[in-house]
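Me: I would like to go through the labels attached to this model and see what each one rests on. Please set the values against the cut-offs where that is needed.

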Amino acid sequence: MTRRAEQGLDPITSRLLAAAGTEADRARHGYIGCEHLLLALLIDKDPTAREILATNGIALPAARAAVADVISSGSGDGPRWNTADLLATLGLDLPAIQHQMRADYGPHAIAELYRSPIGRHLSWGPLCGLHMAPGLKKALFRGEGRAGFPTSGHVLLSLLDAGSDGLDAVLAALGSSPELLRLAVKERLGQAG
Amino acid sequence: MSEAISLAEAASHRDPEVGLAAVAALRQMLEQLEALQVKAAREDGWTWERIADALGVTRQSVHRKYASRRFPGRRRT
């Protein structure tokens, strides 16, 4: 998870981000993206987004399959394959290396490294776990402040406005589009126009 | 999308996309491991010369990489 995500977030954003991460982990994807946030919206306890998506023919099993297809075909917002699997092709056991680093330097050593002067030049890498795709950041964080979403429907609207090619491909595979869903969300939220 | 290929399948065919992505991931991991070790060494009071020797590089190259930052245990002048 990113440093930004460690900061205080409103409850719905925090919950959805965690669920998106769980979905990415579960599918062994190499990043957390808008594609996974769509799945998180389909399982969230706030039914607003789930109901809008269901009305447009989008349900969890088909959405999970579409996300898996889009990402494994290289059309997602992030890398096609996850880092642990890539390193395994070289005979390296990333979970074992991560475990050893935590044992040697403490459970928060990697996060602390990135906060230290020495670590600031680093790009997000394998020891950190999954990184957040730019489109997802755009969907969840506006400017310097927090998004402060009141319902999952508002998160869905922000997600549709994030300009995610991966999400667009998932929606196309599900027979929908950002434009169709945007209209449906605005109608439901009473924000048409 | 039936054209989706598993990593194991692609790797078994020596797909350069997999090989290059794996090397990129390895390079990123090495950068992180090096920074983690350098940070630990500085916190233990190692000099930059000693760190450079251990890494098998010149003191100048270590400085080029890290000297634009403020290091633990030493202030820039």
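Me: In which helix of chain B does Val62(B) lie?

Reply: This is a predicted model. Val62(B) is part of helix H4 of chain B, residues 59-66.

Me: Why is Val62(B) called partly exposed?

Reply: Val62(B) has 19 C-beta neighbours inside 10 Å. A buried residue needs 20 or more and an exposed one has 12 or fewer, so Val62(B) counts as partly exposed.

Me: What does Val62(B) touch, leaving out residues up to four places away in sequence?

Reply: Val62(B) touches Trp48(B), Ile51(B), Ala52(B), Leu55(B) and Val57(B).

Me: What makes Arg28(A) partly exposed?

Reply: The count for Arg28(A) is 14 C-beta neighbours inside 10 Å. The limits are 12 or fewer for exposed and 20 or more for buried, so Arg28(A) counts as partly exposed. Arg28(A) sits in the loop between helix H2 (11-26) and strand S1 (31-32) of chain A. Phi of Arg28(A) is positive, near 55°, and the residue is not glycine.

Me: What makes helix H10 of chain A mostly covered?

Reply: H10(A) spans residues 152-160, and eight of its nine residues are buried. Among them are Val155(A), Leu156(A), Leu157(A) and Leu159(A). The covering elements include H2, H3, helix H4 (47-55), helix H9 (134-140), helix H11 (165-173) and helix H12 (178-189) of chain A.

Me: Which residues touch the most other members of the largest nonpolar core?

Reply: That core has 43 residues, and the ones with the most contacts to other members are Cys34(A), Leu37(A), Leu38(A), Leu41(A), Leu156(A) and Leu159(A). Helix H3 (residues 34-43) of chain A gives the largest share, seven residues. A second, separate core has 18 residues, including Ile110(A), Ala11(B), Met29(B) and Val38(B). Neighbours within four places in sequence aside, Leu159(A) is in contact with Cys34(A), Leu37(A), Leu38(A), Ala139(A) and Leu167(A).

Me: How many residues of each chain are in contact with the other chain?

Reply: 23 residues of chain B are in contact with 25 residues of chain A. The largest share of the chain B side, 14 residues, comes from H2(B). By class, this side has 16 nonpolar, two polar and five charged residues.

Me: Where in chain A is the confidence lowest, and where is it highest?

Reply: The pLDDT is lowest in helix H1 (residues 3-6) of chain A, with a mean of 46, and highest in H3(A), at 98. Over residues 1-6 of chain A the pLDDT is below 50, and this stretch has nine contacts in the model beyond near neighbours in sequence. Chain A averages 89, and 91% of its residues score at least 70.

Notes:
Residues numbered from 1 in each chain as written. Chains lettered and ligands numbered in written order. Predicted model: local features only at pLDDT ≥ 70, side-chain atom pairs only at ≥ 80, totals over all residues. Core = buried A, V, L, I, M, F, W, Y, C linked by C-beta atoms within 7 Å. Helix = DSSP H or I, 4+ residues; strand = E, 2+ residues; numbered from the N terminus. Contact = placed C-beta atoms within 7 Å. pLDDT = per-residue confidence, 0-100. Nonpolar A, V, L, I, M, F, W, Y, C, P; charged D, E, K, R; others polar.
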